[in-house]
Structure formats: structure tokens, C-alpha cells
Amino acid sequence: MTLYFNRRDLVVPGDLLAEGDYDAGENVHRIDNRFYATRVGLFELKDERKVTVIALNSVYVPKPGDIVIGDVVDVGVGSWAVDIRAPRLAILRAVDALGRPFRPDREELTRFLTVGDTVIAKVKAYDRTRNPLLTLGEPGLGKVTSGLIVRITPSKVPRLIGRKGSMISMLKRETGCQIVIGMNGVVLVRCRDPEDEELLVEAIEKIERESHVEGLTDRVARMIRRRKGLVA
Amino acid sequence: MRWMAREPVISRIKKKRILQLISQGKRMDGRGLLDYREITVEKGVIRTAEGSAMVCLGQTEVVVGVKVGLNTPYPDTPNEGILTVNAELVPLASPTFEPGPPDERAIELARVVDRGIRSSRAIPLERLCIVPGKRVYIIFVDIYILNHDGNLVDASALAALAALSNTKIFGYQIDEEGRVLLDKSIWRPMELQNWPVAVSVANIGGELVVDPCLDEELAMEAKLTITVDKDGRVCAMQKSGPGSFSAEQVMEAIDIAKDKAAELRSMVMG
Amino acid sequence: MSHEKPRLIRDDGRRVDGRGPADLRPIHIEVDVLANADGSAYVEQGGTKVLAAVYGPKEIHPRHLGLPNRAVLRCRYHMAPFSVEVRKSPAPSRREIELSKVIREALEPALFLEYYPRTAIDVFIEVLQADGGTRCASITAASLALADAGIPMRDLVAACAAGKVDGVLVLDLCDLEDKYGEADVPLAMMPGLGRITLLQMDGLLTPEELKECIKLAMDGCRKIYSMQKEALRERFLRIRREVEAAEAAEGGADS
């Protein structure tokens, strides 16, 4: 049983990570008893067994139950097409948006949502052979009417949330803003003061950029306090 | 952007924010309404070209390569060299650029840059004649967009000017059979008689905004590109976009363009 | 202008640009160079300059071009009109179409396409300056752009050409050597797995010379492979260094 890297080492596709009696975790490909990285990321060994790479560049794969944020890009007969920055376009059916049956002869879909609208939705169903299905049928979901959107690579969403929510709690506390994090890497920020929104966007971009460097939560908190100190 | 509609659509909340800021005289990146983004100009970046330049205008990146060859002159201008400007909106620059022959955007871009150079007589085409009626120099200006973040015209025109300003015109030999051949062992610099610069002004929510980035172009009503020569005269103009301008806006835009053109020109010509 | 064949190997055994037979040209690699693309990379190899970008995985249009069990990899190799001696028309030539195919087939074995059915992964390559070895530099750059886009890969793909000029077997031919030499053997491989994904040959070689060329090219690929890995790491290590420097500069500023 050999490990060729240390925890949090930067690895790239093709790197031989380990050899022996291990399990293959995320972003790791196994050939016999050899384990290779499939993406650029940080090496981790979970539970002393799972050879894993925490990806620094990734693609969002929808999971049922995920909260996602996206833009309506097309309107069909009984549904809207929503870009959630996944490989496949997501579908929001009228019945899942309105919570009731839809009468095409009596109602116009564009009255509720049209191209260019931003929605917070939940992934209702998904498998690789079909487009992901969305729903708005829960509290907190629906059309977004104000705020700023910032995008991060999906694999860094856990970093933005932080261990037990530590990072996002800090951000909300230091700025007093509302933050909704889509699992697809799309984040909505809403503050009373538009300047706070810009500061928060900068903080989130910093988190994405420096996610692989230790001490991030403190660094970001300091940056926010410094900027608010100057501004206030 | 992993998926794009047939035409790019800007999200409503983003457009709302842009209009809100502009009504306060500000923009998403903190610029004033009449400010250009950070511009860098690098000349001589492509060795295989006779002249070249790369311009970065914010995140818009353009490379222009100038190639000099020999050709038969056009029948109606037998004593003049030929200028031909082409633009490629290559797919790597934007999810909305498809592989294939130039679309209407690429063609309009090339023709507007061409008009600026031609009308200002920047290149003395009469001095590019070798054998009248038979053989002249042909100047190929190829505009290559590498990343699209709005205002491709201003960046392309600036890069074209920078590329032409470091273009070498090779010498020639005429052999016993009277054929003209390029002689790359001798060359002279391309002499430019004028230095046209394009300035684009957008109408966003009724305000005039200089150097729109991509999001601003998607939120704007229309854009006016005004090309100004070294003496402050206008040598080309193009209104583009689905909306309109008032006459007052047009007059004001012309004045703005005159000032801005001088600023941009000094970045390339010193 | 004379079209005589120039001497490609000097009296001292050095090549036209002063290199030894097994020397690579100076190589410069940068990752994440374009803002819009999902992944991108830039490679300079001697006088060859290549830019590669990846968009995807994304919906494929029209739908019937998609495959039910995997993503479709599409590749476009294209040369800028000003990238060569005599200006080239921007319309795709037969050579560019052939190279687009072989480059795609060089990259395909490295990708887990089955993860993204009914989608397309687009690879766009633009040659900005050509001085020989453009298809190899393109593969080297495209493979990095795919990794930069977060597409899962079995391994990176590195590419390099070997050949014969003036009777000597050489590595990484420049344009002059390719034009006037006796043979050109471009090769691409996944060095970590020891698999060859592109192999072409043009010219005249004995089987023994060909095998030597292949070994030489594979050696070149391995060297380029470590440079690729370095470039991918550097993109993130640079940020780590900048943060650490900023922290050190601040020192006790906040206390």
C-alpha cells in the first residue's frame, strides 16, 4: 500500500496517486490496484481508504434535491428551458412552476416567466440520459427580481459554504446580506446597499481564486472588515 | 458558458443593475460613462506576418496580422495597390461564434475598419504600384478576435493601426521574363499618411456610454462607431444595434469621439 | 529568391538553429489564458504559437448529432491567415480538415466521454504563427485546455515529432527541417499510460530508422508531459505564492 502524494498536494490528470488496497473516490480512476487523478485538484485520503481528488476545475452534474440558480433561455409549449450551467439544459414544466395544471388555451407561459428571468429552483429528477427536471414548488424558490449573480466553479461550492457553514455564516454576518448558493456554482447576493453587494461579489471571487490556500476564512473576513472600515 | 441560445440573452436582473448604475453615472466595473477599459497594445507579436499587433481592451483581445503580397490591380484603379481587410470571429473567442465563413458581424466589423483606413487615406495606395496596370502590392489586414468582451470594433481598428505602423514592405525584383517577384532581403517601413481611430459610443437607457463591454452591448439600444483621423476629421461612421439615437445624442457622440480618439491614438503612435 | 535545399546539419553536427539532434526547441506553456472559454491553453514551441480553447460539455445542436451513451468530441484545427510565409485564405483547407480529425482522435482516448451522453465537447485550435510541429503543439495545448475545463481525463496527451534531416535522426523539426528533410514522424501519447494516440509518417525511412524515430519522439513527449503538468500546477501555485507574499507583507498590520 503506497501513497505517492501528501494530503492537499496539487495533483493533475494522469498522476499516479496510490497503489494497493484502497477505494476510488471522486475524480480518481482505478486500473487494477493503481489509482490515478482524472482532474486537477488537491489530493485527499478519506477515512484512510478513499483516494480522492478535490477538483479545482469541474463540471456541474445535477443531483435530485440540489438547489440551483439559472436563467430562462427558451419558452416551450408547456415548459421553460433553463440554463443551469450543466452539460444539459434543464426543463421547468409549467405544472412544477405553478403548482397546478396549466391550460395552454387559456394562459400564456410568458406571463409567469420569460427569457432572461433568473430563478432559484430545485432539481426534481435527473439521470444522464435526459435533461434535468426542475421544480419551484417549495418555499424560497421562484423568480429572482433583484441582486447580483456571481459564478464559481461548482466543485468549490463546499468551500464557499465552509465546514458546518462557517464560511457562509461569516459572510452573512460581516455584510448583513442575503446569500443563496446554488449547487451549480451560481450564487445570488442581495443586500440593502448595492455597494455591499459589490464587496460581497469580490469576496466570493476571492474565495474561488484562493480556495486551495489555507487560512481562507480569516483572510476573507479581514478583507471585508478592512473595506467596510474604509467605507463606513 | 456551457450553453448558449441562438442569440445571447442578458439576464433581466443584470440588465436592471446596469441601467440602474448608468442612471447614476456608474458602471459594473466602476468606470465612468466616458472611460475606456484598461488598454494594452503590443506590436510585432507575429513573426510570420509583415506587421502585427495585439490589443487587449479590458478582456476583449484582438490580434491583427498584416501580410504583403503581389497582385493584379483592380481594373478601375490600375495604378494603385490593393487593401483588403478581413475579420475572423473564431469560435474560441466566444460561445456565440460558430465555425464557418464570416457571418454578418464579422463582415460588418471588417468593412467598418476598412472604411476608416480607406477614407482617411492612411495607406498611400498610389505608392504601392509596381508595374502600372499589371502588378501592385496587396495589403492583407487580417483581424483575429481571441476573446469577445464587447467593443470589438474599437479594439480591432486600434490593432489594425498598430499593425500597419510596424509593417514592412518587401522590395521586388523583375526577372528576364518580366515577372515581378518579392525580394525579402530588402524592405522599407509602410508609410502611413493618417492614423484613424474608432470610438464606439453606446446608447444605454438614454445615456451615452463609451467602450461598452459585452454585457453593456447586450443591454444597450444601439451603438455609434465614429472613426476620427489625425486632424480630428471624421472619416467613417456606423450605427449598429436594434435601437436608435436622437439627433442630440449623435452630435454629442461626435464630440466625445474626437476627444477619445486622440487619447487612443497616442497609445499606439506615441 | 533561391529554392535550393539549404544545409540542415552543419559541420559541427548542429542543426540550423544550433540545436543538437535530440534537443527540443524552447517551449513556453500557459494555462487559462482566455476568459470566455471553459478551458484554454497557449503553447509556444520555437517559432510555433498555438492557442487552444474548450467549450463544453454542452447541449449538441441539432439533437440528432448527439450520441445516446457518450459525449461527441468535436475538434477544429485552424491556421490564421498571417501564421505562414504566404498569406493563407481563412477558409479551411484539406490539410486543416485532415489535421482536425487526427487531432480529435489523438485526444479522444484520454477522455471519459461516457460521463456526458448527448452532449458535445468542442475543442478549437488556432495557429497564430507556424514554424513546424503545429499539429503536435496543438495536441499539447488542447490536452491542457481540456484539463483546464475540468473534463475528466485518463491522462494528459503530449505530442512531439521526430524525423530525418540530412541523414540524421532528429527531434522536434522546425519548418525548414520539415520542408527540406527526408522524413517527418509526428507522434502523440498518454505518457503515464504508455499509449500512443497519434502516429503519422511522411517521407522515406527504413523500418529501423522509423522505430528509432518513434522512440525519439516518445522521449520528446515525456519531456513535454512534465512541462504540461508543471503548467497546470503553476496556475494554482502562483496564486498560493501571491497570497503568502501578501500575508507576509501585511505582517502585523492588523494587530
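**Helix, sheet and contact organisation of the predicted model**

Helix 2 of chain B comprises 16 residues (104-119), which at 1.5 Å a residue should span 22 Å; its end C-alpha atoms are 22 Å apart, in agreement with that value. The expected span is 1.5 Å times one less than the number of residues in the helix. Helices (H or I, at least four residues) and strands (E, at least two) are DSSP runs, numbered from the N terminus. The structure is a predicted model, in which local features need pLDDT of at least 70, side-chain atom pairs count only at pLDDT 80 or more, and totals for chains, interfaces and linings use all residues. Residues are numbered from 1 along each chain as its sequence is written, while chains are lettered from A and ligands numbered from 1 in the order in which they are written.

The buried residues of helix 2 of chain B are B:A106, B:L109, B:A110, B:V112, B:V113, B:D114, B:R115, B:G116 and B:I117. A residue is termed buried if 20 or more other C-beta atoms, placed from the backbone, lie within 10 Å of its own, exposed if 12 or fewer, and partly exposed in between. The cover over these buried residues includes strand 4 (82-88), strand 6 (135-147), helix 3 (152-165), strand 9 (197-204), strand 11 (222-228) and strand 12 (234-240) of chain B. After helix 2 of chain B comes B:R121, with a positive phi near 55 degrees.

Leaving aside residues up to four places away in sequence, C:A141 touches C:A41, C:Y42, C:V43, C:V50, C:L51, C:A52 and C:I125. Contact between two residues requires that their C-beta atoms, placed from the backbone, lie within 7 Å.

The contact between chains C and B takes 29 residues from chain C and 29 residues from chain B. On the chain C side, strand 3 (48-59), strand 4 (72-79) and strand 5 (119-129) each give two or more residues, and strand 3 of chain C supplies the largest share, seven residues.

In chain A, the domain assignment, which is automatic or taken from a database, gives domain 1 (2-55), domain 2 (67-144) and domain 3 (148-231). The C-alpha centres of domain 2 and domain 3 of chain A lie 27 Å apart. Their contact takes 10 residues from domain 2 of chain A and eight residues from domain 3 of chain A. On the domain 2 side, strand 9 (67-75) and strand 12 (118-125) of chain A each supply at least two residues, with the largest share, four residues, coming from strand 9 of chain A.

Strand 9 of chain A pairs with strand 12 of chain A in the antiparallel sense over five bridges, and A:G70 stands opposite A:V119 in strand 12. Pairing requires at least two DSSP bridges between the strands. Four bridges also join strand 9 of chain A to strand 10 (residues 79-83) of chain A, again antiparallel; these two strands form a hairpin with three residues between them.
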